[in-house]
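Hi there,

Here is the structure I promised to pass on. Have a look at it first, and my notes follow below.

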Amino acid sequence: MESQMQEIPLNPKENKTGDIWHVCIENLPLSGVLYGYRVDGPEGWHTGHRFDKNLILIDPYAKLIEGRRVFGDNNEKMSRFLGTYDFSSLPFDWGNDYKCPEIPEKDLVIYEMSVRSFTADKSSGLEPSIRGSYLGVIEKIPHLLELGINAVELLPVFEYDEFEFQRHPNPRDHMLNVWGYSTMNFFSPMSRYASTGGGPLAASLEFKKMVKALHSAGIEVILDVVYNHTNEADDEHPYTTSFRGIDNKVYYMVDTNSYVQLLNFSGCGNTFNCNHPMVMELILDSLRYWVTEYHVNGFRFDLASVLCRGPDGTPLNAPLIVKAIAKDPVLSKCKIIAEPWDCGGLYLVGRFPNWDRWAEWNGKYRDDMRRFIKGDGGMKGTFATRISGSSDLYQINARKPYHSINFVIAHDGFTLYDLVAYNSKHNEMNGEGGRDGCNDNYSWNCGFEGETRDPAINALRSRQMKNFHLALMVSQGTPMMLMGDEYAHTRYGNNNSYGHDTAMNHFQWNQLDARKESHFRFFAETIRFHRQHPLLGRDTFLTKADITWHEKNWDNFDSRFLSFSLHEGKYGGGDLYIAFNAHDYFVKSVVPPPPSGKFWYRVVDTNLPSPDDFIVGGVPGVKKIYEMAPYSAVLLHAKP
C-alpha cells in the first residue's frame, strides 16, 4: 500500500476558503481508491488540540470504510482503516413494486436485535459465508414474521473496530466488541457484516438488500445510533482514527483546565460535542443519508441525554440538535426514539425535550414492571400507571401513549430468562472483577441461583416469563422485546455481555426449535393478539370510560393482586378482563359480568401448560370466581 500511496500537500492560500479545505484531483479511478487526511496544528497538551501529522485520518464524511474484511480476524487485528468511495456502480435497484412501510407508531412491535449475533451461530443452518451478515438476516425473515413483530431495532451498524479492546494490555483485552457501540464513522455501514469478507462496497449493497427484503415483508428498520461518543477512547489510551486528530476541541467536549481534558458523560472516555454547529451539521447529514440512501425508517439514539448538553456539559432545556431532528423535513417523518439518560446522571425519562415528536425508552416502565411481577410490595399503583400508558410521564402537550417505548428487557442487562433465574449479575468473564454492569436489576431467581433441574422452580420461571410478556403486550404504549427472549435465551447471568462473540450473545436456533411449540408459541400468539385487538394499540390515553379498575386496596402495601377491564367503546374488538397475581398464594378473583349479550372467553392463563396457556379464540365457561395460581396472569375476552 505504501508504495502506491500519493500524498498531496494543501496550501492554505489555494486550498482553503474560510474554514473549509478543498482540493480537486483529476483522473482518479472511480472506485477502490483509499484515502485519508494528515492534519497538523498547534501542539501542547494545554491547548486541547491533539494534532499528529504522522497519522492518516478517516474523512468524517467518508461513505465507505476499508479495513479488515472478516469479523474477528486475528491476522488483521491491527489493520488500518481508511475512507474509500464508489462512483462506478449503478444505483441500487429498489424495484418498481418497492414500497417503504409506513407503520403508524401506535401499531409498532419492536424487536431489538444484533445483525451479527442473529445468525453467527452454526445452529442458524446458514452457509458459513453469510453467517452474521446482512444477508443472513434476510434468510431469517420468516422467523420474524412467525413471531409477529413489525419493526427491527438493529444494534449499531455503523463502521466500528471489534478489536478495540485488544489494542493495548488491559483487563478486557480478551474480548471482541460484538454490540458495536463505538462508532468510527457515521456514514458507512459496518463492512464486516458483508458476506464472504466482501468489503465495504458489498456491505453497502447487502445492507440495502436487507432493508428491501425486510420492507417487502412489512417490517420497518430502526437503527440504534451512537452520537454520544466515538471509538477514539480517552486521554490515557487514545485510539485516534479521525475526529480527535482533525479538531479535538470542536468534535468533543473538552475542559482545558483539567489534565484529563475529555469530559466523559458517555462512560466510554469521550463525549461528542453534539450542539456545536459543525458537529450538529455532521449528525444531521449522517441521519438524512441513512434515510435517503438506505431507506431506514427511524433511529434510536443511544444515551440521548448527551444530545441535551452544551459544549461544557451543562444540560440544555432546548438543545438545538434535538429540536433540529424533530423539525427536519426528512427526519421528522421518521421514528425518533431517545434513550433518555447518560452516564453523567442526566436522567430525562418523561422529561426529554421532544417537540411532541420524540419517543423515549421508558426506563421507569422496565423497573416498575419488574418489581411488581416479582412480588415487591407497594408497587400495585405504579404498576397500574405503567400498564395503562404512563400518563404521569407522557400525557402532556400533544404527546401520545406510543411515545412510551415499553420494555422489560433490552440488550444491556439480563435477558428475560436471566431475570427470573439470577438474583445477582455474574460478569466475571468480562475481566473487570464483576464491577461492570448494573447492580439494580430487580430480578428474582425463583428460589435457586442459575441453572437447576428442579421442575417446580423451572415451572415458576416459565410462568414469570409469560407474565412479563403478557404485561408488555397488554400495556398501552409501544412494546419492544429483545432477540432471543422468544425462546428464553440465557447469558448465564452476565448482564453486560458486549464483548463476547460467542453463544452468550449468539441466537441459538436449536433452542428455538426445541421450544417452538411451547415458549415461542405463547410469545408469538400474545404478540399477534396485541396487534389484532384495537384496545391494545390506542393513540389516546385511557379515560375513566375506557377502563375499570377492580380494586379497593390501592394503599395496601402488601397487596400484590391487580385486575382491570378495558371497554371496547368506539374502538370495538370486545372488552378485555386482565388480572395479575404476584402473591405466592392462590387468589380468588371476582370476574365482573361481561357486557350484555356477551360471554367471557379465557384466552390466557399463564399457569396452564402449553398449549392451554394461550387459546386462540379463547375457551368459554369462565365462572364468576376465577381461582388464580401464585405468580400468574389471566386475560379474558368478551365475545358473543
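Let me start with a pair of helices. Helix α8 passes helix α12 in a right-handed crossing. Please keep in mind that this is a predicted model. The two helices are residues 363-373 for α8 and residues 455-474 for α12, and their axes come within 11 Å and cross at roughly 135 degrees. That angle makes α8 oblique to α12.

On the α8 side of the contact you will find Tyr-365, Met-369, Arg-370 and Ile-373. They meet Gln-464, Asn-467, Phe-468, Ala-471 and Leu-472 of α12. By class, the residues of this contact are 6 nonpolar, 2 polar and 1 charged.

The structure has 5 cavities of 30 Å³ or more.

The largest cavity has a volume of about 110 Å³. Its lining consists of 14 residues, and those nearest the centre are Trp-179, Leu-482, Met-483, Arg-491 and Asn-505. Sorted by class, that lining has 5 nonpolar, 7 polar and 2 charged residues.

The second largest cavity holds about 80 Å³ of space. Among the residues lining it are Val-408, Ile-409, Leu-416, His-469, Asp-485 and Phe-523. Two elements, α12 and β12 (478-482), each give two or more residues to this lining. Phe-468 and Leu-472, which belong to the α12 side of the helix contact, also line this cavity. Its lining has 9 nonpolar, 1 polar and 1 charged residues.

Definitions and conventions
Residues are numbered from 1 along each chain as its sequence is written. This is a predicted model: local features need pLDDT of at least 70, side-chain atom pairs count only at pLDDT 80 or more; totals for chains, interfaces and linings use all residues. Side-chain values use heavy atoms; hydrogens and water are left out. Axes are lines fitted to C-alpha atoms, for helices over the stretch in contact, and angles run from 0 to 180 degrees between N-to-C directions. Helices (H or I, at least four residues) and strands (E, at least two) are DSSP runs, numbered from the N terminus. Angles under 35 degrees count as roughly parallel, over 145 as roughly antiparallel, 65 to 115 as roughly perpendicular and the rest as oblique. A crossing is left-handed if the near helix is turned anticlockwise from the far one by less than a right angle, and right-handed if clockwise. Contact means heavy atoms within 4.5 Å. Ala, Val, Leu, Ile, Met, Phe, Trp, Tyr, Cys and Pro count as nonpolar, Asp, Glu, Lys and Arg as charged, and the others, Gly among them, as polar. On a 1 Å grid over the protein atoms alone, a cavity is a set of points where a 1.4 Å probe fits but cannot get out, and a pocket is an open set with protein on both sides within 12 Å along at least five of seven lines; lining residues have an atom within 4 Å of a point. Grid points are joined across faces, edges and corners, and a volume is the space filled by probe spheres set on the points.
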